[in-house]
Amino acid sequence: MTKASLDVRANIALAMGAIAGAFSLSASADVTFSGEFGVQQRYYLQDALYPTQPRAQGSLFLQPSLYTEWNEGYDSLVFTPFVRLDQEDSERSHADIRELLWLHAADNWELRVGIGKVFWGQTESLHLVDIINQTDAVESVDGEDKLGQPMVSYTWLHEYGSLSAYVLPYFRERTFSGLEGRLRPPVPVNTDKPLFESDDEESNVDFALRWQQSINSWEVGVSFFHGTNREPELIGTLNEMGEQELLPFYRQINQVGIDVLNVSGDWLWKFEAIYRAAETDNAISPAMGVPLTPESEAIDYFAAVGGFEYTLVGFMETTYDLGILMEYQYDERDNNFFAPAQNDLMLGVRWALNDQDSTEVLVALIQDLDDTNSRGGFIEASSRMTQNWRWTLEGYFFAAEDPLKPLYFVRQDDHIQFGVEYFF
Amino acid sequence: MQIRTVSLMLVCVSLLCAGSYAHADEASKLKGLEIATERKSRDMGWGDSSAEATMILRNASGQEASRELRMQSFEMLEDGDKALTIFDSPKDVAGTAFLSFSHAREPDEQWIYLPAIKRVKRIATKNKSGPFVGSEFAFEDMTSFEVEKYDYDLIREDTFDGEAVWVIEQTPKDDFSGYSKTLVWVDKSEYRARQIEYFDRKGAPLKILVLEDFRLYKDKYWRPHSSEMINLQTGKSTRLITNKLEFDTGVKESDFDKSKLRRAR
C-alpha cells in the first residue's frame, strides 16, 4: 500500500471518528445537528485516453454539521466535517474539515477563528477574485468546492463598507485526480511531493484584506492578497524510477482584485479583474531537487471576466424565470492548464421553474474565441423529490483539437453525473 | 412618512394627476388616498418585529409542501421597511437568507445569502414580480405597504365578512410591478386590509389574498396570523401561518446589513 492511500485512510478514519463524536455531542441540548449525504454516479461518454482510467465512477459523500451558540447568539461555533469515498480514484476519496469556526459577532465588528470558508466576487463563469480557500478540485469540474482554510479574520462593519483582514497561518494544497481518475493531464499530479517557493512551505503565513460596500445599485469590492498562490504551476520532471511526473509548485504572490456589480431593472452587470504578481521571478530552485523549467511562464499577469445576467421574470406568461448569462473571459497567460479562459465567451441560460420542488436548470457553453475547435459546456439541473431528498444532474463537455489547448488533456472526459442527496 | 409629504401628495393628486384618470372621479380618488394614508398612519410606530411562520404550498392537484421561515422586520419611518427572512426548511435551503430594503419611490434592494457556498448575491430589481420560493406570493407581496407606491381610487363601499369595508383600487407606480392593479378591501372599523385581489399586467384577475385571524399587538397594531393567497388562473394556493410574533425584540437597524447575512442563522 502506498503512503498516499494510507494517508487517505487515516484521514477518513479521523473524519469518521469526528463525525461519530459529533453525533454523540449533538445529543446534548443546545447543539443543532444538520447536514447532507449523497450518492453519485458518473458515466464518461468516451473511452478513456489513459489506460488506468475508468468509464464509470460511483461515489458517496457525507457532510454533517454541528452548530451551537451562546452569549445570546453573539458567539457561535460551527463544525462541518466532510468525507468523500470514490469507487475508483483513491485521490478523490478524501476527508476535510470544511468548517470548525468560532465566530464572535459584535455590533460593528466580527472575529472569526478556526477553519472557515470565505467567498469573494460577483461573476458566474469564473471566480478570479476569490482566493482565500483552496479549490477542492477532485470534487467537481466547476471549481466551486473548497477546502476549509485555517484563519483568523476580523471584519469591521462601517457605514462606508465592511473591511476584513485575514491572517492565514496554514496553506492547503489543491487536490488532483489520481492515476485511476479522469479529468487530469496524461501524467497525474503527484500531490505527495509539492514544491513551495516559501521556505516555510505550507506553514507560510498569508495575509489578505478586503473592502466591500453596497452603494445604491452598485456592489463594489477591492481586495489584496499576499502569500502562497492557491493555483500551482505544474512542473514536469522524472521520479526516482525515471518515470515522468508532474509536481505542483506553489509560488509566493501578491494579488490585487476588484469586483463590481450593478443592478439596473432586470439586468445585473458583473465584472471581476485581478493582477497577480510573483514575489520573485524565481522559477524552480535547483535546491528543490528539480531542474529549472526551460520556458519561463508569464508569472505576472492580468485577468478579467465581465458580462451580464438578464432575467425574464414570468417568461412567456408562465411563472418561470429565464436568465440569460453572457460573460467574456480574458487571461494574459496563454495555454496554461489552469487558464483555459484566456479569450473566451460564456453563454448560458438559467431556467428556474419556481415550483414547489425548486427545480432549476443551468446550461452554458464556453467558446474559445481564438480557436473554434476549443470549447466547453455544462448542464446543471436539480429538483426536490421530497422535503429531504433532492436529485441532481450534471454534465460536462469538452472539445479541443489543438494539443496546446488546456482542454486537450480532458477532450475525452465528457461525462454526465446523476446523484441523489439527503438533507437532514 | 411625514405629514408634510402626505399633504403635498394630496395637492399633487388633486391638481396634477387628475387628468390621467378619465374614468375615476376626482372625489373618489381623493377619498381612496385618504383611506390609504389613514391605513398607513394607524400602522406606524410599531418599531420592529420578529415572526416564526409556516408556508404551505398547494398545487392544483392538492399536493402540499411546506416551508418554515423566520422573519425579522424593522420599521423605517422615512422609507420602506427592512426585512430579513431566514429559511429553516426544506432542509436543502435551510440557512438561506433574504434581506430586503423596500423603498417607496426607488427600486427595492434585495440580497440572498446562499450558505452552501457562503455567497451573498444581489437580486435583480425586476425579480420583485417573481414568485417567492415557489409560493403564490411574489417578492413584492412580501414588502411593506407604503402610500407612495400606488395611485388610489375608492371603487365602492361594501360589506366583507359582515363588516363594513371600502374597496380601494391601487395602481402600482412601479413599472416592474407584476400587477396592473390591485383591489383592497379595507375595513372601516380598524383600517385593516382584509382581502386583496391582484390583476395581471393584461388586467385579468390573477390572485386573491384573504387575511384572517387578526390579533392586536401593543394595543394598536393588528396583524393577521393566517393568510391565504389563491391563484385564480392556476388553482394553486399558498397559506402563510404565523406561529409566533413578537415586537420590540431589540434588533437594530444596523442588524439589517448584507455584511451580516453570513452570521444569520
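**Two chains, one predicted model**

Me: How much of chain A counts as buried?

Reply: In this predicted model, 36% of the 424 residues of chain A count as buried.

Me: And what about chain B? What share of its residues is buried?

Reply: For chain B, buried residues make up 37% of its 265 residues.

Me: What secondary structure does chain A have?

Reply: Chain A comes to 1 helix and 21 strands. Among its contacts with a separation of 6 or more, 58% are between residues 24 or more positions apart.

Me: Which strands of chain A form an open sheet?

Reply: One open sheet has 3 strands in the order β8-β12-β11 of chain A, with mixed pairing. Its edge strands are β8 (195-196) and β11 (233-238) of chain A, each of which pairs on one side only.

Me: In what sense do β8(A) and β12 of chain A pair, parallel or antiparallel?

Reply: β8(A) pairs with β12 (residues 244-250) of chain A in the parallel sense, over 2 bridges. Within that pair, F196(A) is opposite Y250(A) of β12(A).

Me: How many bridges join β14 of chain A to β15 of chain A?

Reply: There are 10 bridges between β14 (residues 267-278) and β15 (residues 301-313) of chain A, and the two strands run antiparallel. β15(A) is also joined to β16 (residues 321-331) of chain A, by 11 bridges and again antiparallel.

Me: Which residue does K270(A) stand opposite?

Reply: K270(A) is opposite G307(A), which belongs to β15(A). On β16(A), G307(A) has E327(A) as its bridge partner.

Me: Switching to chain B. How many helices and strands there?

Reply: Chain B has 2 helices and 13 strands. Its radius of gyration is 18 Å, close to the 18 Å given by the globule rule for 265 residues, so chain B is as compact as a globular protein of that length. Along the principal axes, the C-alpha atoms of chain B fill a box of roughly 55 × 45 × 35 Å.

Me: What fraction of the contacts in chain B join residues at least 24 apart?

Reply: That comes to 43%, counting contacts in chain B between residues at least 6 apart in sequence.

Me: Which residues have the most contacts inside the largest nonpolar core?

Reply: They are I168(B), V184(B), V186(B) and A193(B), in a core of 19 residues. The elements of chain B that give it two or more residues are α2 (26-41), β7 (150-160), β8 (163-172), β9 (181-187), β10 (193-199) and β11 (205-217). There is also a second, separate core of 17 residues, which includes L57(B), A65(B), L69(B) and L99(B).

Me: Back to I168(B). What is it in contact with?

Reply: Beyond its neighbours within four places in sequence, I168(B) has contacts that include G32(B), I35(B) and A36(B), as well as Y152(B), L154(B), V184(B) and V186(B).

Me: How many residues of chain B are in contact with chain A?

Reply: On the chain B side there are 28 residues, in contact with 35 residues of chain A. Those of chain B divide into 8 nonpolar, 10 polar and 10 charged.

Me: What are the confidence scores?

Reply: The model scores ipTM 0.87 and pTM 0.87. Chain B has a mean pLDDT of 88, with 90% of its residues at 70 or more.

Me: Where does pLDDT stay under 50 in chain B?

Reply: Over residues 1-22 of chain B, for which the model has 13 contacts beyond four places in sequence. Where pLDDT is low, the predicted coordinates should not be read in detail.

Notes: Residues are numbered from 1 along each chain as its sequence is written. Chains are lettered from A and ligands numbered from 1 in the order in which they are written. This is a predicted model: local features need pLDDT of at least 70, side-chain atom pairs count only at pLDDT 80 or more; totals for chains, interfaces and linings use all residues. A nonpolar core is a set of buried Ala, Val, Leu, Ile, Met, Phe, Trp, Tyr and Cys residues joined through C-beta atoms within 7 Å. A residue is buried if 20 or more other C-beta atoms lie within 10 Å of its own, exposed if 12 or fewer, and partly exposed in between; C-beta atoms are placed from the backbone. Helices (H or I, at least four residues) and strands (E, at least two) are DSSP runs, numbered from the N terminus. Two residues are in contact if their C-beta atoms, placed from the backbone, lie within 7 Å. Ala, Val, Leu, Ile, Met, Phe, Trp, Tyr, Cys and Pro count as nonpolar, Asp, Glu, Lys and Arg as charged, and the others, Gly among them, as polar. pLDDT is the predictor's confidence in each residue, from 0 to 100. The radius of gyration is taken over C-alpha atoms; the globule rule is 2.2 Å times the number of residues to the power 0.38. Two strands pair if DSSP finds at least two bridges between them.
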